[in-house]
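Hi,

Here is the structure I said I'd pass on.

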Amino acid sequence: MDTFLALGQGFLVALEPMKLLYALIGVFLGTLVGVLPGIGPALTLALLLPVTFKLDPTGSLIMFAGIYYGGMYGGSTTSILINTPGESASMITALEGNRMAKAGRGGPALATAAIGSFVAGTLATIGLAFFAPYLVALAIKFGPEDYFALMVLAFVTVSATFGDSPLRGLTSLFVGLALGLVGIDILSGQSRLTYGVPELLDGVEVTTLAVGLFAVGEALAVAARRHAAPEEIEPVRGSLWMTREDWARSWKPWVRGTALGFPIGALPAGGAEIPTFLSYNIEKKLSSKPEEFGHGAIEGVAGPEAANNASAAGTLMPLLTLGLPTSATAAILLAGFQQYGLNPGPLLFAEKPDLVWGLIASLFVANVMLVVLNLPLVGLWVRLLGIPQPWLYAGILVFAAMGTMAANPSPVELMMLLVFGLLGLLMRRYDYPVAPMVVGLILGPLAEAQLRRALSISLGDPIALVQSPIAATLLAIAALALVAPFLMKGLDRFRASED
Amino acid sequence: MSLFHRATLRGVLAAAAILGAGAALAQSDLKIMAPAAPGGGWDGTARAMQQAMTASGVAKSVQVTNVPGAGGIVGLAQLVNQMKGDGNQLMVNGFVMVGAILTNKAPVTLAQTTPIARLTEEALAIVVPTDSPIKDAKGLAAAIKADPAKVTWGGGSAGGVDHIAAALFTQEAGADPTKLNYIPFSGGGEALAAIIGGKVTAGVSGFSEFEGQVKAGKLRLIGVTSANRLANVDGPTIKEQGINLEITNWRSVVAPPGLSADQTKALTDAVKKMSESAQWKEILKQRGWDSAYLDGSEFAAFLKAENERVSKVLTSVGLVK
């Protein structure tokens with residue numbers, strides 16, 4: 001009951017008119033900056049941090065919450081409309097979302113992303129309010145071997161993004177894994193495949209690869225095809241809003257996405273990408289229309305978007321309860337706390353309950369604001385698709401380059417963007433899927449680091465990888481996911497021959 | 001659409017600058033580069049300086065830029081090569097950059113910059129999980145002496161200040177530092193989780209990272225690495241327990257090469273004035289940073305001495321050949 005009371009107090013703080021105004025400003029600014037391609041929520045927060053300097057702690061944190069959720073949502077808008085993910089976690093959204101947009105269903109895609117974000121954000125914030133201490137205790141138990149098992153599971157599900165040819169998908173994945181080797185090896189501190197270029201020491205930036213392959217590659221491909229057969233883009237076909245069928249196909253993915261994103265986001269090294277991969281895979285398996293995947297399936301937007309947003313709330317859990325910043329965004333939020341002399345950690349809930357609960361309540365408020373602000377804008381956003389193609393894609397190139405430069409101001413980064421763009425063009429020309437490459441770049445280095453950490457701790461004994469019950473369970477699920485399709489096929493054939 | 005958004009972004013940044021400024025005593029426009037991504041320690045220092053300088057009126061406006069990459073080397077290269085002679089430019093740096101320059105064989109060094117001042121330092125702490133049989137520095141040293149490979153250390157990036165502290169401890173404990181089993185984690189959060197979860201024998205990192213957990217009884221403090229006990233901490237130093245280990249993670253500011261004596265003096269005066277302002281002292285208190293102000297030739301000599309020490313340790317653990 002204490003939680004309800006505290007939360008009620010929190011709402012009293014968050015619902016004051018001035019605080020509502022701060023939340024609105026936060027959501028608005030966050031969305032505006034977040035829609036720039038290549039600018040994810042972390043950079044959005046860093047750019048806007050000085051805006052909050054002059055406010056009181058609660059007001060500033062409320063505006064922060066708004067900027068955070070606004071930035072997250074802004075990222076998915078560009079993914080859907082112009083195939084340009086603002087951050088790695090909204091890459092999966094681009095897969096189906098952009099197909100939908102091109103088929104005139106941009107309205108429902110944006111709506112399911114917005115409402116899905118709202119549902120996931122709300123459910124996850126409830127989770128944050130009520131289960132934080134228990135879930136954190138569990139999350140701490142995750143060791144390197146358990147993370148490695150989680151990565152293995154994620155690798156198994158990558159095949160969902162392969163499209164029609166497993167060979168081409170694997171090729172793309174392995175190129176991504178190779179790119180993941182570039183840079184300083186985190187365990188030994190030695191550089192690999194950097195050829196004396198200092199900018200490569202930190203490895204290949206995921207957003208640069210994603211924006212290059214998706215946005216620049218797409219723009220070049222459209223330009224190359226233009227004289228042969230210009231692709232028709234219809235801004236709106238059918239309803240601008242979600243139909244009854246869209247709702248029916250969206251709500252379960254929202255809930256499932258939340259169930260994946262929240263706990264994984266709460267893991268200190270869980271991140272937001274892995275739950276989106278898992279969610280995409282599950283929705284593809286469970287969909288009543290799996291054939292629509294790759295051509296604009298609404299479940300493929302609803303699930304991963306929910307997972308992404310739920311993981312954001314999940315990240316706040318170790319931050320608030322342990323003072324562990326587990327993502328770049330959380331680290332900046334931590335700086336936001338610290339400018340008021342607040343140190344998140346085990347004692348924060350006890351020492352500053354009004355502030356913590358005010359923040360949690362304002363997360364709810366920010367979520368509502370986001371929907372209120374963005375649903376009416378859906379009609380405006382989809383108009384963008386009506387811009388003549390040469391203008392639209394020229395604009396995309398400008399924004400892709402600008403976003404990359406904002407995140408990482410160096411000529412080398414811009415060159416990489418162009419090289420990846422050309423690669424994206426060639427891959428489209430020869431029908432290779434681009435998503436597995438980005439997945440390889442994200443998962444490869446993570447899996448490697450966790451595997452080597454686990455082996456370092458066990459003094460080289462591989463048995464340690466399966467000794468932990470969490471790791472064993474995850475690996476068993478991965479093995480099952482790998483073998484099950486073949487078993488099913490065999491069973492089908494068996495049945496067919498019986499008939 | 002493009003014009004609209006660009007204008008909005010500019011508007012937002014302008015609004016940020018206006019909100020940040022405000023003081024009437026304003027004198028100049030400064031630029032501070034944080035050679036790291038937003039959210040890290042150097043970024044935090046740069047933004048804290050921005051806050052203190054604008055609020056105390058040392059500068060009219062302060063613009064913080066992030067140039068991430070390779071422990072700050074990418075930013076350092078930009079400072080040395082492209083900002084030569086710019087008397088309004090500062091860059092935050094610190095202990096970690098010294099190691100990064102050595103391990104990555106960087107083409108530029110800190111000796112090429114114009115040293116301005118050392119600002120802060122933070123003691124490191126060595127901790128163990130509460131249920132660990134190790135009670136103090138002597139116990140940890142004994143375990144290391146028995147078999148250094150079996151004592152796993154969790155901390156920050158390879159070659160960073162945490163790693164160096166672990167190597168020095170091993171050496172001072174009388175064991176072979178090449179056998180050090182140090183496991184680098186990417187973020188403070190991840191390392192802390194592994195230590196609390198008992199995945200490693202001991203943890204080493206900035207004291208503030210552990211403070212909350214130590215106070216909450218989730219971690220046992222073995223000792224801090226400063227010369228003297230910390231004011232607000234109920235715990236011994238490593239040194240007083242007979243292990244000769246003294247190391248702090250300091251942060252400083254440097255300016256580009258090729259400055260005139262007047263330019264250097266103006267920058268040094270501005271930073272000094274900021275370091276004496278009430279706003280800066282307030283920030284130090286909030287973040288738990290200790291003031292370690294040092295400027296001029298003393299700071300230059302300090303940089304040189306640290307470079308030699310780090311070089312020796314990194315060679316002994318095999319990171320620099």
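Let me start with B:R287, which lies in helix α10 of chain B. Keep in mind that this is a predicted model. In sequence, B:R287 and B:T45 are 242 residues apart, yet C-alpha to C-alpha the gap in space is 10.0 Å.

That pair leads on to the helices themselves. Helix α2 of chain B (residues 41-56) packs with helix α10 of chain B (residues 278-287) at an angle of about 150°, and their axes are 8 Å apart. Angles over 145 degrees count as roughly antiparallel, so that is the label for α2(B) and α10(B). Their crossing is right-handed. On the α2(B) side the contact uses B:A48, B:Q51, B:A52, B:A55 and B:S56, and these meet B:Q279, B:W280 and B:I283 in α10(B). Sorted by class, the contact of α2(B) with α10(B) has five nonpolar residues, three polar ones and no charged ones.

Staying with chain B, how is it split into domains? The domain assignment gives domain 1 as 2-120 + 251-307 and domain 2 as 122-248. The C-alpha centres of these two domains of chain B lie 30 Å apart. Where they touch, nine residues of domain 1 are in contact with seven residues of domain 2. Helix α4 of chain B (residues 95-103) supplies the largest share of the domain 1 side, with five residues. That side of domain 1 divides into four nonpolar, four polar and one charged.

Another residue I looked at in chain B is B:S311, found in helix α11 (residues 296-316). Is B:S311 buried, exposed or partly exposed? There are 15 other C-beta atoms within 10 Å of B:S311, so the residue is partly exposed. Leaving out neighbours within four places in sequence, B:S311 is in contact with B:L102 and B:V320.

Now over to chain A, which has 21 helices and two strands. Of the 499 residues in chain A, 60% are buried. Taking contacts in chain A between residues at least 6 apart in sequence, 80% join residues at least 24 apart.

The helix pair I'd show you in chain A is α9 (residues 206-225) with α18 (residues 411-429), which pack at an angle of about 55° with axes 7 Å apart. That angle makes α9(A) and α18(A) oblique to each other, and α9(A) passes α18(A) in a right-handed crossing. Among the α9(A) residues in the contact are A:L209, A:V211, A:G212, A:L213, A:F214, A:V216 and A:G217, and the residues they meet in α18(A) include A:E413, A:M416, A:F420, A:G421, A:G424 and A:R428. By class, this contact of α9(A) with α18(A) has 15 nonpolar, five polar and two charged residues.

That's what I have for now.

Cheers

Technical notes: Residues are numbered from 1 along each chain as its sequence is written. Chains are lettered from A and ligands numbered from 1 in the order in which they are written. This is a predicted model: local features need pLDDT of at least 70, side-chain atom pairs count only at pLDDT 80 or more; totals for chains, interfaces and linings use all residues. Axes are lines fitted to C-alpha atoms, for helices over the stretch in contact, and angles run from 0 to 180 degrees between N-to-C directions. Helices (H or I, at least four residues) and strands (E, at least two) are DSSP runs, numbered from the N terminus. Angles under 35 degrees count as roughly parallel, over 145 as roughly antiparallel, 65 to 115 as roughly perpendicular and the rest as oblique. A crossing is left-handed if the near helix is turned anticlockwise from the far one by less than a right angle, and right-handed if clockwise. Two residues are in contact if their C-beta atoms, placed from the backbone, lie within 7 Å. Ala, Val, Leu, Ile, Met, Phe, Trp, Tyr, Cys and Pro count as nonpolar, Asp, Glu, Lys and Arg as charged, and the others, Gly among them, as polar. Domain bounds come from an automatic or database domain assignment. A residue is buried if 20 or more other C-beta atoms lie within 10 Å of its own, exposed if 12 or fewer, and partly exposed in between; C-beta atoms are placed from the backbone.
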